[in-house]
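Hi,

Here is the structure I promised to pass on.

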Amino acid sequence: MMAGMTGEETRTAMSPPIRSSAQDAELQPPATRAWMTRVVIIGIVLTALNLRPAITSLGALLEEVRDGLGMSGSFAGLLTSVPPLCFAVFGVMAPRLARRFGPAAVVCAGMVAIAAGLAIRPFAGNTAGFLVASALALMGIAVSNVLMPVIVKRWFPDRVGSMTGLYSMALALGTAAAAAVTVPMTRGLGGSWHAGLAVWAGLAAVAVLPWIPLVRARGTALSRDAASTPASAHGVPSASAAGQEPSPLRITRSRTAWALAVFFGLQATAAYITMGWMAQIFRDAGVPAGTAGLLLAVTMVMGVPLAFVIPRLATRLPHQGPIVVALGVCGLVGYAGLYLAPAGGAWAWALLLGIANCAFPLALTMVGMRARTGAGVAQLSAFAQSTGYLISIPGPLLVGVLYQHSGGWGLPIALMAGLMIPQIVVGILAGRDRTVEDEAARRR
């Protein structure tokens with residue numbers, strides 16, 4: 001799945017201008033700019049690799065964690081809804097933090113939060129401490145989720161598709177790797193689930209490093225600006241020198257923003273249901289546990305190559321609706337297969353649902369395409385992801401309730417297929433060639 005600043009508040013005459021990292025790079029010699037661009041690419045890839053292992057590594061060891069901490073089954077089930085809740089709550093903060101400190105600094109802090117949370121939670125000693133440490137890691141993931149499209153748009157405006165694809169491919173790779181290797185790695189570390197979870201903090205710590213020179217470069221540029229900016233009679237930068245930020249974008253007045261938020265929420269619902277329940281569907285159909293886990297890994301791995309291809313294709317089309325429909329049809333066929341012959345065609349259904357789950361990189365690409373400015377991308381990314389993750393919270397819980405009360409997978413699978421229809425509809429609306437800035441201006 002993956003700098004700009006928002007105009008949420010009008011800058012006053014007392015505030016100095018705040019540059020983005022990309023604008024700071026323009027002040028550097030060509031060799032330095034090229035070096036910084038390479039550092040940004042490395043930072044994007046390492047950041048994306050860290051945006052899901054906190055979730056999928058826990059899923060792989062959830063039974064051991066439950067036994068070790070004495071968690072109830074209800075609390076463990078509730079734990080599966082914590083990630084989208086944290087993404088929704090903390091993601092809203094990202095544009096304001098980016099405006100104040102710069103996107104690179106916020107992403108850097110996010111990686112620090114992920115590393116700290118993952119290092120602390122296995123050794124918290126109780127359920128409450130485990131939850132708090134998990135929330136710390138998820139907070140870092142949330143702000144980085146929102147700011148990745150902003151950074152791509154600002155640093156690579158002419159390569160939004162390819163860079164979003166690279167970011168999405170790395171995110172899918174990190175997701176699949178954590179699910180696949182956490183258990184064998186835990187065995188190699190002596191069988192301790194504490195070590196098996198904590199080891200992922202090391203990957204997050206490595207992801208901090210590329211952002212440090214970008215944060216320092218921005219601080220240097222700001223100091224240089226402060227020394228050279230013309231002052232008013234009162235000794236502060238004048239409004240004419242600093243410039244005024246545009247009025248905040250009324251993002252809720254844009255129909256495209258709402259369509260993209262709902263599309264994001266429905267695809268996230270499908271993804272969390274798949275991660276949480278698909279292996280169990282196969283096991284209940286008679287598929288061996290090891291094979292069921294492998295089928296889930298195949299579904300997740302499908303996102304690695306397709307996450308690079310789909311964004312590049314999307315940016316070449318004036319309307320992304322055809323891609324939305326193609327992914328939706330794959331999902332509908334996959335769900336129909338799960339209902340009619342879950343074991344007989346298991347590999348085919350896993351592949352089709354893996355293709356359908358690639359609506360995530362498509363949604364990220366459309367975030368970058370549906371806004372003209374870096375500020376617009378930041379606000380749209382925060383709105384679409386925060387609203388979308390709120391929409392996704394009930395899905396996995398509802399599937400569990402339907403499964404428990406109906407005694408089978410017929411109703412839950414019908415629900416999953418039913419949600420795919422509105423996902424296609426709002427995806428077509430979100431894929432139209434227009435910008436949220438234009439829509440918000442027309443509706444004032």
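**L362 and the cores**

Setting aside neighbours within four places in sequence, L362 is in contact (heavy atoms within 4.5 Å) with F263, I310, A314, Q320, I323, V324 and L327. Apart from the core that L362 belongs to, there is another core, of 23 residues, among them L353, I413, M416 and M420. The largest nonpolar core has 95 residues, and I44, V65, F130, W211, F263 and L362 are those with the most contacts inside it. Its largest share, 13 residues, comes from helix α9 (residues 127-155). By nonpolar core I mean a set of buried Ala, Val, Leu, Ile, Met, Phe, Trp, Tyr and Cys residues joined through side-chain atoms within 4.5 Å. Buried is under 20% relative accessible area, exposed is over 50%, and partly exposed is in between (1.4 Å probe, protein chains only).

Before you read on: this is a predicted model, where local features need pLDDT of at least 70 and side-chain atom pairs count only at pLDDT 80 or more, while totals for chains, interfaces and linings use all residues. Residues are numbered from 1 along each chain as its sequence is written, and side-chain values use heavy atoms, with hydrogens and water left out.

**Helices**

Helices here are DSSP runs (H or I, at least four residues; strands are E, at least two), numbered from the N terminus. Helix α20 (residues 359-369) is mostly covered, with 10 of its 11 residues buried. Those are A359, F360, P361, L362, A363, L364, T365, M366, V367 and G368. Helix α6 (residues 82-91) is mostly covered too, with 7 of its 10 residues buried: V82, P83, P84, C86, F87, A88 and G91.

In helix α9 you'll find G140, which counts as buried because its relative accessibility is 1%. Beyond its neighbours within four places in sequence, G140 touches G110, A113 and I114. G140 and N50 are 90 residues apart in sequence, yet their C-alphas are 9.8 Å apart in space.

T175 is buried, since its relative accessible area is 8%, whereas V181 is partly exposed because its value is 35%. With neighbours within four places left aside, T175 is in contact with R52, T56, M275 and M300. V181 sits 15 residues from G196 in sequence and 9.5 Å from G196 in space, C-alpha to C-alpha.

**Cysteines**

How many disulfides are there? The count comes to 0 disulfides, taking a disulfide as a pair of cysteine sulfur atoms within 2.5 Å. C86 counts as buried because its relative accessibility is 8%, and C108 counts as buried because its value is 13%.

Cheers
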